[in-house]
Amino acid sequence: MAPRVDNLYFFLLAISVFFSLLIAGLIVFYAVRYRRRAPQAIGTNIHGGLWLEVTWSVIPLLISLVIFVWGASVFFAMSRPPDETLNIYVVGKQWMWKFQHLDGQREINELHVPVGRAVKLIMTSEDVIHDVFVPAFRVKADVVPGRYTNLWFQATTPGRYRLFCAEYCGTRHSGMTGEVVVMDPTEYQAWLSGGSGEGSLASAGEKLFQDLACNTCHRPDAQGRGPVLQGLFGKTQTLSSGDTIVVDEAYLRESILNPGARITANFQPIMPAFQGLVSEEQLLQLIEYVKSLQTQPQGLSK
Ligand code: CUA
């Protein structure tokens, strides 16, 4: 993404420089060319110049339309991650970044990613608004408490890149920095397999699912008092209000913290709220567990 952002940026810079020089140059040139030559001289009154006015309206219009279309295309490319991404969860908190890989690795203020692979960060905050900013990748996005925001990038060169918090978030905001470590795919695999021990995010979620007794109501056989979760993620669900919703991370999150907000059609609002009872990390584990549940019986394995 960086060359695309840079090209647009330098185009804007070139346009600004060109017109600044043109205008400043013309001011000086006309001041000299049409200076008062005799003390009594009086300037001629001129009323309008149609072609001149059309010209200085149409040219800037065309230029700004080019900037608009160009800018929009870069914006859409930045805000739409590809279908196949490596997903990593990010939790911001005063004043650190916590990264959670699906395989179970957790890291603080350091994010390891493979080179040449589209990476999607699914981000939330434990307290106030933070903002992930990796200048070298030209990507930046707010990290907001109570919701998930996304940011994606594809690193092209191995190395270490600075990561900043770009939203004033309290006393030690300026210290809320980190590094993105871009590695060769083989090194990345080696890194992933080293020193995990905790099991995958989904398996941690499965354990939590049982510890919190979610499994007593959410049973795979449709006999439970809660909706079946197998194959639920990504599906369109009908709600008791008659509306429909696509089951995504945000909906799962809401349904755990505040189950009464949007009830699945034909179910009673009997689930207790888990607001304040599960941490952001535990929420991510539960969500990842629900995402891992396939429709039963499972078909061909991928
Ligand atoms: Cu977090 Cu500034």
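The model is predicted. Strand E5 (residues 118-125) is mostly covered, with 8 of its 8 residues buried. The count of aromatic pairs comes to 10. A nonpolar surface patch of about 1,000 Å² includes Phe18 and Tyr34.

- In E5, Ala118, Lys120, Ile122 and Thr124 point one way.
- Val119, Leu121, Met123 and Ser125 point the other way from E5.
- Both sets are buried, and the charged residue Lys120 is among them.
- Strand E1 (residues 86-93) pairs with E5 in the parallel sense, over 7 bridges.
- Strand E8 (residues 149-154) pairs with E5 in the antiparallel sense, over 6 bridges.
- Leu121 of E5 has Ile88 standing opposite, and the bridge partner of Leu121 in E8 is Leu151.

**Aromatic pairs**

- A pair of aromatic rings is described by the distance of the centres and the angle of the planes.
- Among the 10 aromatic pairs is that of Phe137 and Tyr161, whose ring centres are 5.0 Å apart.
- The planes of Phe137 and Tyr161 stand at 55 degrees, so this pair is tilted.
- Phe137 lies in the loop between strand E6 (130-134) and strand E7 (139-143), while Tyr161 lies in strand E9 (residues 159-165), so the pair ties together parts that are 24 residues apart in sequence.
- Phe137 and Tyr161 are both buried.
- Phe209 and Tyr289 form another tilted pair, with 5.0 Å from centre to centre and 55 degrees between the planes.
- Phe209 belongs to helix H4 (residues 201-211) and Tyr289 to helix H6 (residues 280-292); their pair links distant parts of the chain, 80 residues apart.
- Phe209 is buried, as is Tyr289.

**Charge over a ring**

- Arg253 lies over the face of Tyr148, at 5.2 Å from the ring centre.

**Nonpolar surface patch**

- The patch of about 1,000 Å² is made by Phe18, Leu22, Ile23, Leu26, Ile27, Val28, Phe29, Tyr30, Val32 and Tyr34.

Terms used. Residues are numbered from 1 along each chain as its sequence is written. This is a predicted model: local features need pLDDT of at least 70, side-chain atom pairs count only at pLDDT 80 or more; totals for chains, interfaces and linings use all residues. Side-chain values use heavy atoms; hydrogens and water are left out. Patches are made of residues with over 30% relative accessible area and no salt bridge: like charges are joined within 9 Å, nonpolar side chains (Val, Leu, Ile, Met, Phe, Trp, Tyr) within 5 Å. Accessible areas come from the Shrake-Rupley method with a 1.4 Å probe; for residues, only the protein chains shown count as cover. A salt bridge is a side-chain nitrogen of Lys or Arg within 4 Å of a carboxyl oxygen of Asp or Glu. Rings of Phe, Tyr and Trp (its six-membered ring) pair if their centres lie within 6.5 Å; planes under 30 degrees apart count as stacked, over 60 as edge-to-face and the rest as tilted. Helices (H or I, at least four residues) and strands (E, at least two) are DSSP runs, numbered from the N terminus. Buried means under 20% relative accessible area, exposed over 50%, partly exposed in between (1.4 Å probe, protein chains only). A charge sits over a ring if NZ of Lys or CZ of Arg is within 6 Å of the ring centre and within 35 degrees of the ring normal. Two strands pair if DSSP finds at least two bridges between them.
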